[in-house]
Amino acid sequence: MYPMMELSKKELAEAKKQARRLRISNIRRRVATGAVMLVALFSGLALFRSIDQQAASTGTTTIAATTAPVSTGDEETDVSSVIGAAIVDQAVSVFGDDDDDEDEDDGGSILNVVTGSDPAPMTSSQS
Amino acid sequence: MSAVLTSTTFKSLGGRIAIQADGEGSEEAIAAAEAIVHDLHDSLTRFDPDSELCQLNADPRDAVPSSPLMIRFAALVHEAGEQTGGLVDATLLDQIETAGYVDSIDPDAGFIPASATARPQQARPSTGAWSRVSVDRETSSVLRPCGVRLDSGGLGKGLAADLVAEHLNGFASWGVVCAGDLRFGGTSGAPRRIDITSPDGTGRVIAEFAAPSGAVATSGVTRRSWQSDTGRSHHLIDPRTGEPAETGLLQVTAVAPTAAEAEIRAKAALLSGPEMASEWLPDGGAIVTETNELRTFGPVKETNR
């Protein structure tokens, strides 16, 4: 237990500024990690498709892959791959999932990488 | 081949925020955009007595030196009232609190059964205080009679989406969702599909449209609701009665050039009722009546997914 300290307005402002810097730094790290994951996943899938000699398609391509189950609720689990998957999951849930096939949930995560010229759908609902 | 989707989601402004941008430098831009939303929340929340909004609302002076963000928000409060003849009135904080909305509500929690926060007071109609809110840009001050309190509510979310949009403008494609209010665009000019969900909270998509840019806001009475002494209550106050609105509409979605404008139109349409709602939807939208009838306007079309 630490004794209560009263901060002056200047000290409080500086503490807030430092907290904000840390918060933005964390955001940057999280976003960058997610982007790297997506690029790596996309590259891997593109290579697989190439090897498999699948015909290349034009326009929008939605690629889905199942990964091991991830928990987005436990913030103590700071594993970059989990964060990357979680970012995609969350983005899909808010920006919309272009996959009309609503299969049963097998406990894994659906990763969606949207490429091409069409932007991902977005959803408006009551706030 | 264009770049992959880069996005982030987080909770702020009492709901879920999602930001996406596509192009070089999007990671940095998204990080900065998230900071913009957090800063706006910190300044405009009415649930933190240290926020700039609470400080302004408690300030005994009629002219209060304010940040550029607060100046912009206060100007929007006046604009919303003027544009809608007082239907969209962001000075109804007393009435909102009288209705029982005195603590932050997680919209994901759905209907709140207990009425621990309800206050047994008589609701009062609006006095049109929005018309006495103005800004002095030379002295960077918000002007309003002492005692007139501003509520950031939906206008704050619309403003947040517009601020992020200004930051992301220039990317090939970008989009931001601020707790239901969204804005999207991009230099690519590619159309983006926008889904509108049902008021029942199931996430079922009931209408959609596509456009290369624009803004959408959805207002309704089925979320952020709670049990009061007189029955079910919600956060959307009718300025004519000072009580939670009952207009025959459950939900309105409005399309507009900006998110703040979409927010104003959606609220004005909802408060106008089923027969007059379309007057507020010149760029399109959708309404759901209390009998669950869906009507769509302009580019918005009915769907069921």
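Before the points, a word on pairing: two strands pair if DSSP finds at least two bridges between them, while helices (H or I, at least four residues) and strands (E, at least two) are DSSP runs numbered from the N terminus.

This is a predicted model, in which local features need pLDDT of at least 70 and side-chain atom pairs count only at pLDDT 80 or more, whereas totals for chains, interfaces and linings use all residues. Residues are numbered from 1 along each chain as its sequence is written, chains are lettered from A and ligands numbered from 1 in the order in which they are written, and side-chain values use heavy atoms, with hydrogens and water left out.

1. Let's start with the strands. In chain B, Thr8(B) has Ile19(B) of strand 2 as its bridge partner. Strand 1 and strand 2 (residues 15-22) of chain B run antiparallel and are joined by seven bridges.

2. Zooming out, chain B has an open sheet of eight strands, ordered 1-2-6-7-10-15-16-17 with antiparallel pairing. Strand 1 (6-12) and strand 17 (294-297) of chain B are its edges, each pairing on one side only. From one strand to the next, the twist averages 10°.

3. Two helices are worth a look here. Helix 5 (residues 153-168) of chain B lies across strand 2, strand 6 (173-178) and strand 7 (181-185) of chain B, at about 160° to strand 6. Helix 6 (residues 259-272) of chain B packs on the sheet and touches strand 7, strand 10 (214-220) and strand 15 (249-256) of chain B, its direction making about 150° with that of strand 15. Contact means heavy atoms within 4.5 Å; axes are lines fitted to C-alpha atoms, for helices over the stretch in contact, and angles run from 0 to 180 degrees between N-to-C directions.

4. Now the charged pairs. Over all chains there are 16 salt bridges (a side-chain nitrogen of Lys or Arg within 4 Å of a carboxyl oxygen of Asp or Glu). One of them joins Asp94(B) and Arg124(B), 3.3 Å from N to O. Asp94(B) is in helix 4 (residues 93-99) of chain B and Arg124(B) in the loop between helix 4 and strand 4 (134-136), so the pair ties together parts 30 residues apart in sequence.

5. Arg305(B) and Glu208(B) also form a salt bridge, with their closest N and O atoms 2.5 Å apart. Arg305(B) sits in the segment after strand 18 (301-302) of chain B and Glu208(B) in strand 9 (residues 205-211), 97 residues apart. Arg305(B) is partly exposed at 30% relative accessibility, and Glu208(B) is partly exposed at 24% (buried is under 20% relative accessible area, exposed over 50%, partly exposed in between; 1.4 Å probe, protein chains only).
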